[in-house]
Amino acid sequence: MKRTADTKLLERARAEGFSRPPRRKTDGPIGDIHTHAWAPEAAGPLFEAARLYGIGKLGLIAPLEEGLELQRRYPETSIISWINWDHADDPDKFAAVNRRIVRDAAAAGARLIKMWFAPRFYDRSDLRMNDARLDPVFEEISRQGLGVLVHVADPDKWFQRVYTDVKKYGTKAEQYKQLTDRLEKHPDIPILVAHMGGNPEHLDQLGALLDRYPNMYVDTSATRWIVRELGRQPEAARAFFAKYKDRILFGTDQVAIKDPEEHRYTSRYWIHQLFWETDAVCPLPIDDPDADGEPLLQGIDLPADVLEWIYWKNAERVFGIRAHAAGA
């Protein structure tokens, strides 16, 4: 039965600037494993919003130097360091530069290295995740006992509307060989695949990958995409999360920017809390250009025991990233 949207719920939250988080279903710590900050001086409002919503740890994707500065300013930071793509045409230098980044990141306490292989990356490089030029980098990641956070695919709708040059970008299904090759080659490296593995539209396909590769994990980041695609299949999503609760980590993909629009960070944390913890239905308070019609938030109401795994247990168990209560 179709659930009716509650516009008053959103109106109240918007009038308060999304500054009143709903009551939590679980009182454990929460870590947001997937956020970005390009400039440390712009990150304050993101951390304030996270603390307001009870989030005590942020996995923050940034170049290592900026990540260290963020960690000095905000102890909740868990550094996720980028590798450097500048020398891909010189395999020896590429390997040397990135092995050093991995070692330095590990020495600084980072637990994850970020890589980005979305189809848009093909516009600027011929590298793929399974390229031999990355072998020395993955070997160093293994030696240092780190994990990898990677983006490998985009929404179905983008393959229909943006990546129409199949010869250049490939199909969505073809994005995954680069990932599965690495999962097979490095079973000791936990690989966290962003945005529900890039495939929230097809939970059966995603489940098949998780069943086959025990070192694969997924995060929940990308607010519009995840809310849109999981919200239209709440029963299937709830069953998926119950089955794979020990393989999913909470993340939002919040991006700290200079001069953000009003309520940028609080509105997204409000969306995530309602979506995961309630069965509320209301208009989505942020734009979603990929939605068919008015974008809706349709909560999937996960049980408290599932939320605990996603909010903090998996980050600590798999990557050694421990979330504390916000402000502790």
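The model is predicted. Its largest pocket has a volume of about 630 Å³, while about 240 Å³ of space lies in the second largest pocket. Helix H11, which spans residues 223-231, gives the most to the lining of the largest pocket and also gives the most to the lining of the second largest pocket.

**Largest pocket**

- The lining of the largest pocket consists of 27 residues, and those that lie nearest its centre are Trp158, His195, Ala222, Arg224 and Asp253.
- At least two lining residues come from each of strand E1 (31-37), strand E4 (112-116), helix H11 (223-231), strand E9 (254-256) and helix H13 (264-277), with H11 supplying four residues.
- Sorted by class, this lining holds 10 nonpolar, seven polar and 10 charged residues.

**Second largest pocket**

- The second largest pocket, with about 240 Å³ of space, is lined by 16 residues, of which Arg228, Arg232, Ala291, Asp292 and Gln298 are the closest to its centre.
- Two or more residues of this lining are given by each of H11 and strand E11 (296-298), and the contribution of H11 amounts to four residues.
- The lining of the second largest pocket divides by class into 10 charged residues, five nonpolar residues and one polar residue.

**Gln273 in helix H13**

- Gln273 lies in helix H13, an element that also supplies at least two residues of the lining of the largest pocket.
- Gln273 counts as buried because its relative accessibility is 2%, and the cut-off for buried is under 20%.
- The side chain of Gln273 reaches the backbone oxygen of Pro22 at 2.5 Å, and Pro22 is also one of the residues that Gln273 touches when those up to four places away in sequence are not counted.

**Nonpolar core**

- The largest nonpolar core has 105 residues, and those with the most contacts inside it are Met115, Val150, Met196, Phe241, Trp270 and Trp276.

Methods. Residues numbered from 1 in each chain as written. Predicted model: local features only at pLDDT ≥ 70, side-chain atom pairs only at ≥ 80, totals over all residues. Heavy atoms only, no water. 1 Å grid on protein atoms, 1.4 Å probe; cavity = no way out; pocket = protein on both sides within 12 Å on 5 of 7 lines; lining within 4 Å. Points joined across faces, edges and corners; volume = space filled by probe spheres on them. Nonpolar A, V, L, I, M, F, W, Y, C, P; charged D, E, K, R; others polar. Buried < 20%, exposed > 50% of the residue type's maximum accessible area, 1.4 Å probe, protein only. Polar contact = N/O pair within 3.5 Å; in protein donor to acceptor, adjacent residues only side chain to side chain. Contact = heavy atoms within 4.5 Å. Core = buried A, V, L, I, M, F, W, Y, C linked by side-chain atoms within 4.5 Å.
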